[in-house]
Amino acid sequence: MRMEIRNNKHLHTRQIIGIFPILELDSDDVDVPLKNPSISYWDIFFLGYSIVMRVVHIGMDWHLAIKYLLDGKTTYFALTTTFICLPSFINVIINRKMLCQDDKTFTSNQSEYKCIHAILTKKIFCIVVIAFQLAPVLRCYQTLGYALKAYKFQNLNNRNAQRRYYLKMLKEDQDVALLRVFECFLEAAPQQILQLTILLKDYYSNTNFEFIYQVASILLSLGSMGIAMASYHRSIRLVQHDKLNISITGTILQFLWHFCTTVSRILSLSVVASVWPIYTTIGCVCHWIVMSIWIIIDSHGILEFCKNYNRAPHCPPKATERIYSILFSIVIGVVHVFIYLNAVDGSPLFKHVFFYILCFLENTTASIFWIYTSSIEVKNAWYFNILIALCIVPFVLGITAMIIYYSVFHPSLKHQNSINT
C-alpha cells in the first residue's frame, strides 16, 4: 500500500503513510544498501509452501460449500459462496490497481507483469481467479520466480543480478503480504464466523466427518491470519533501508498478538451470532461504519494510492479519485472489524488503545449476551465454558504480546538503545 512521495538517490516511496513502501527497481543495483541480499533454501521452501497451503485452503472452502449444496443446505451454500467470491473480487481489483501503478512507476518492469495482466483482464480467466481466490497465489508465484532467479545468480556469483532479483522479490513479497491481509480479513474471517455459527447451531454432540472438516478449516484459517499480519509487518520493514528489520522474537510476538486477538474476536462474534444472527450483523455493520468514517477523516494516503498517475502530481484529485479513495477506505474499514491496520504515519499508540478497548468491550458484551441467552442444552454442553474462556483469555494474551513487543522488541526501540550505548 502506498502514500506520500519521498524521493532520494536510491529509494522512491509511494505508500499509505508509513505502511507500504515501494523500492525503485530502476536504480543502480550496486548502490542499493541491502544488509543481507542472500536467498536460502528455507526462503524458497516457505514461498512454495505458502502457495500449496493457499491452494489447499481454497479447495477446503469450495468442498465445504459444495457439501452444503449436496446436503440441501442452500442458505449455507449461498452464504459460503458469497464469502468466497465477493472478497476475491475486491482482491482482484486491488491487485490490478497495484499492477497498474507498478507499470507506470517502474517502466522497465512492464513486461514482467504481462502474464498476470492478461489473466486479470480476460473475462474467462478473471472469473476463474475470482472463484478460486488466485490473486495472491499469482503474485506469490511471481515472488517465487524472483527468489529462484536470485538464488541462481547467487550460485553463479553474479552479485549485481542477484541483488536486482532480490529487490524484485522483496517488492513482490510486500504486495503479496498486503493481498494476504485483505484476503484473510475480507474472506477468511467472515467465513470462519459463518462456519463457527453453523457449528454452534447444528452441533448435537456427535463428532462426524463434517464436524472435523469444519474445525480443521477454521483452525487453518485462524493460523493463516496471524501469519499474514506478522509477515506483512516484517515485509514492509525489509524494504525500508532506513529502518531495522523485525527480529525472529519480534515476529513471534507479532504472530501471537494478532493470532490471539483474532481468535478472541471471531469466537466472540460467532457465539453471539449463533443466538442473535441479525443483531450481530447490525453490530458488525455499525462497527464497520465507525471504522470507515475514522479512516476517511484522515485518508490522504489512500487518496494518493487511488490517484491517476498519468496526471501531473500537483493537480487536485478528481471526483472519481475521491470516490475510489472512499471506497478503498470502506474496504479497510471491513478489515478493522477484526484487526487494526495502521494506515497513517506516526505513533499508533492512542489508536491501538482506542481500537482494542472498543474491541474488548464488544467481545465481553457478546460473551455476556451468549451466557445469558443460550439454551439449557448449550449451557450443559462440554464446550460452553471453554468458549467463554476463549472469548476473553486469548485477547488478554494477545494484548500482552503486543505490549511486550512494543516495550522490548520493537526495532526502533532497539535502534535507539544501540545509539544511546
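**Entry 1: salt bridges**

I count a salt bridge when a side-chain nitrogen of Lys or Arg lies within 4 Å of a carboxyl oxygen of Asp or Glu. The model I am reading is a predicted one, and I kept that in mind throughout.

With that rule in hand, I went to Arg265 and Glu362, whose side chains form a salt bridge at 2.6 Å, N to O. This pair joins distant parts of the chain, as Arg265 belongs to helix α8 (residues 248–273) and Glu362 to helix α12, 97 residues apart. Arg265 has 2% relative accessibility, so I put it down as buried. Glu362 has a relative accessible area of 27%, so I noted this residue as partly exposed.

How many salt bridges are there by this rule? My count came to three.

Arg139 and Glu172 make another of them, with 2.4 Å from N to O. Here too the pair links distant parts of the chain: Arg139 sits in helix α5, Glu172 in helix α6, and 33 residues separate them. Are Arg139 and Glu172 buried or exposed? I found Arg139 buried, and Glu172 as well.

Lys67 and Asp71 also form a salt bridge, and their closest N and O atoms are 3.2 Å apart. Asp71 is partly exposed because its relative accessibility is 41%. Lys67, at 23%, also counts as partly exposed.

**Entry 2: aromatic pairs**

Next I turned to the rings. The structure holds 19 aromatic pairs. I picked Tyr146 and Tyr165 to look at: the ring centres are 6.2 Å apart and the planes meet at 35°, so I logged the pair as tilted. Tyr146 is in helix α5 (residues 135–155) and Tyr165 in helix α6 (residues 159–202), so this pair ties together parts that lie 19 residues apart in sequence. For burial, Tyr146 has 4% relative accessibility and therefore counts as buried. Tyr165 is buried too, with a relative accessible area of 18%.

Trp276 and Tyr279 gave me an edge-to-face pair, with 6.0 Å centre to centre and 80° between the planes. Trp276 comes out as partly exposed, at 33% relative accessibility. Tyr279 is exposed, with a relative accessible area of 59%.

Which residues do ring pairs link into a cluster? I listed Trp294, Tyr340, Phe354, Phe355, Tyr356, Phe360 and Phe395.

While I was on rings, I also checked for a charge over a ring face. Lys152 lies over the face of Phe153, 5.6 Å from the ring centre.

**Entry 3: the nonpolar patch**

Trp276 and Tyr279 came up again when I moved to the surface. They belong to a nonpolar patch there, together with Ile278, Ile282, Ile368, Phe369 and Tyr372. The accessible area of these residues together is about 800 Å². Which helices each supply at least two residues of the patch? My answer was α9 (277–297) and α12 (349–373). Tyr279 itself is found in helix α9.

**Entry 4: cysteines**

I searched the whole structure for disulfides and found zero. Cys184 is buried, with a relative accessible area of 6%. Cys391 counts as buried as well, at 1% relative accessibility.

**Entry 5: contacts across the sequence**

Last, I looked at two pairs of residues by their C-alpha distances. Phe45 is in helix α1 (residues 41–70). Its relative accessibility is 45%, so I recorded Phe45 as partly exposed. Phe45 and Leu144 are 99 residues apart in sequence, and their C-alpha atoms are 9.3 Å apart in space.

Pro87 has its place in helix α2 (residues 74–105). Is Pro87 buried or exposed? I have it as buried, because its relative accessibility is 7% and the cut-off for buried is under 20%. From Pro87 to Ile130 I noted 8.5 Å, C-alpha to C-alpha, for two residues that are 43 apart in sequence.

Notes
Residues numbered from 1 in each chain as written. Predicted model: local features only at pLDDT ≥ 70, side-chain atom pairs only at ≥ 80, totals over all residues. Heavy atoms only, no water. Patch = residues over 30% accessible without salt bridge, like charges linked within 9 Å, V, L, I, M, F, W, Y side chains within 5 Å. Areas by Shrake-Rupley, 256 points an atom, 1.4 Å probe, with all protein chains shown as cover. Helix = DSSP H or I, 4+ residues; strand = E, 2+ residues; numbered from the N terminus. Phe/Tyr/Trp six-rings, centres within 6.5 Å; stacked < 30°, edge-to-face > 60°. Buried < 20%, exposed > 50% of the residue type's maximum accessible area, 1.4 Å probe, protein only. Lys NZ or Arg CZ within 6 Å of the ring centre and 35° of its normal. Disulfide = S-S within 2.5 Å.
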